[in-house]
Amino acid sequence: MAKKYYVVWKGRIPGIYTDWTSCKKQVDKFSGGKFKSFATRDEAEAAFTWNSVNTTKTNKPLSTKKHKPSKSSLPTLTNEQVDKICVNTKVFSDGACQPNPGEAGSGISIYRDNRISELWYGLYNAHGTNNTAELNALYQAFIVSKDELASGRTVAVFCDSQYSIQCVTEWAVSWEKNGWKKSRKKAGGEIKNLNLIQKMFSLYQSLKDKIEVFHVNGHVGIEGNELADRMSVLAIVSVEEDFCLYKEKINIEEVLSMRV
């Protein structure tokens, strides 16, 4: 069956989606929902971009990155769009590595009912990479999501690493079908960080119908992302190998003033 790309112009989160299930979540029972499927990514991006240009600012859909064409179909949420998502729990993940490769650490911030509730940091690796740090952070976000769902709460996860999101929500699907190998058409058959990705994919499969995973840009003032960033750096500074709850009283201004 040929792959389709779905453009959502009017829905809960406008954007371009690579599967019908994700598209349906945005338009199902949404008053005035507007969407359409396209055979190729280029057609979908062209249609979505055209509509973005011809839509008023008060009803502006998510935009794709303008600085260069991207193979990613992930919509990138703005701060305003993050705020408007109606869920009980929002989990932000981020990773840091200084240099890359080098010392790496991961962090997450947890908001319950739109108020900061917990900060976590750790998983220090003296010989890590930015990708491993981001993957580890997203994995921890999934673990938190599982617990939140078990307590009857709705959950959304926000990550600034397109690589991490796509590894787990898109690419791993075909990798698993191919015996956990890349297709022959792609250079190099080895999948980096395979063991971690396999664990993450297994957990994500059990959560995917109950949570949404969104991409946000890093260092653009999205508070949850900025707090997760500071925690990932704290993991490096503290050389903390476990994943630990930040036990100090959370003063957002003080945390944001930490080393970036």
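Student: What do β1 and β2 form, and how many residues sit between them?
Tutor: A hairpin, with four residues between β1 and β2. Strands here are DSSP runs of E, at least two residues, and helices are runs of H or I, at least four, numbered from the N terminus. The model is predicted: local features need pLDDT of at least 70, side-chain atom pairs count only at pLDDT 80 or more, and totals for chains, interfaces and linings use all residues. Residues are numbered from 1 along each chain as its sequence is written, and side-chain values use heavy atoms, with hydrogens and water left out.

Student: Which way do β1 and β2 run, and over how many bridges?
Tutor: Antiparallel, with three bridges joining β1 to β2 (residues 15-17). Two strands pair if DSSP finds at least two bridges between them.

Student: Different topic. What is the strand order in the open sheet of seven?
Tutor: β4-β9-β8-β5-β6-β7-β10, with mixed pairing. The edge strands, β4 (76-77) and β10 (243-245), each pair on one side only.

Student: In which sense do β5 and β8 pair?
Tutor: Parallel, over five bridges, between residues 89-98 and 155-159. F92 stands opposite F158 in β8.
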